[in-house]
Amino acid sequence: MIEVVRVRYDDPAHAAALVELLDHYARDPAGGGEPLSNFARDNLVASLAARPFIFSVLAFDGDTPVGLINAIEGFSTFACRPLVNVHDVVVAASHRGKGIAARLFAEVEAIARERGACKLTLEVLDGNVSARALYRRLGFTAYQLDPAMGQAQFLHKWLD
């Protein structure tokens with residue numbers, strides 16, 4: 001039976017599960033195809049715990065971690081309310097197609113509502129067809145204000 005829980009960063013089982021699943025995602029082509037660095041493995045959980053605007057949810061199949069979402073609270077200036085960016089979505093390859101991601105998202109949405117958030121945001125690679133289909137089923141749409149201005153694009157710039 002799948003159980004979805006809010007991560008307690010000070011719980012060693014939660015901490016280990018989070019790092020294990022995020023490494024699983026990082027090694028996947030959708031996550032970049034490279035393992036987490038030793039620095040990330042050693043410092044991630046403490047760094048997340050130090051930031052009250054970040055939260056995570058895990059899915060377990062018995063004692064086996066099988067799903068993870070890391071989310072980061074931001075702020076919508078137009079709505080003058082918090083928003084929640086879904087930063088990482090991971091379901092172990094062995095458990096995909098079983099509705100685990102939808103259950104993780106339901107818990108993230110509940111937490112976002114508790115925080116008074118106006119919306120959830122996320123980014124997804126064009127080639128991640130299964131994730132894009134899931135997000136559409138969950139009600140996510142491309143961001144735009146005026147259709148004449150087109151859809152927003154997610155951009156980044158590395159600082160080191």
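Q: Where does D88 lie?
A: D88 lies in strand 4, residues 81-91; strands (E, at least two residues) and helices (H or I, at least four) are DSSP runs numbered from the N terminus. The model is predicted, so local features need pLDDT of at least 70 and side-chain atom pairs pLDDT 80 or more, while totals for chains, interfaces and linings use all residues. Residues are numbered from 1 along each chain as its sequence is written, and side-chain values use heavy atoms, leaving out hydrogens and water.

Q: Is D88 buried or exposed?
A: D88 is buried, meaning under 20% relative accessible area, with exposed over 50% and partly exposed in between (1.4 Å probe, protein chains only).

Q: Which residues does D88 touch?
A: Leaving aside residues up to four places away in sequence, D88 touches L22, Y25, L68, I69 and N70; contact means heavy atoms within 4.5 Å.

Q: Now helix 2: which residues are buried there?
A: L44, V45 and L48 are buried in helix 2, which covers residues 38-49. They line one face of the helix, because seen down its axis the buried residues fall within an arc of 80 degrees, taken from the directions from the helix axis to the C-beta atoms.

Q: What do they pack against?
A: The buried residues of helix 2 pack against helix 1 (12-27), strand 2 (54-61) and strand 3 (64-76).

Q: And which residues are exposed on the other side?
A: N38, F39, D42 and A46 are exposed there.

Q: What about the whole chain: how many helices and strands?
A: The chain has four helices and five strands, in the order β-α-α-β-β-β-α-β-α along the sequence.

Note on methods
Lys, Arg positive; Asp, Glu negative; His and termini not counted. Salt bridge = Lys/Arg side-chain N within 4 Å of Asp/Glu carboxyl O.
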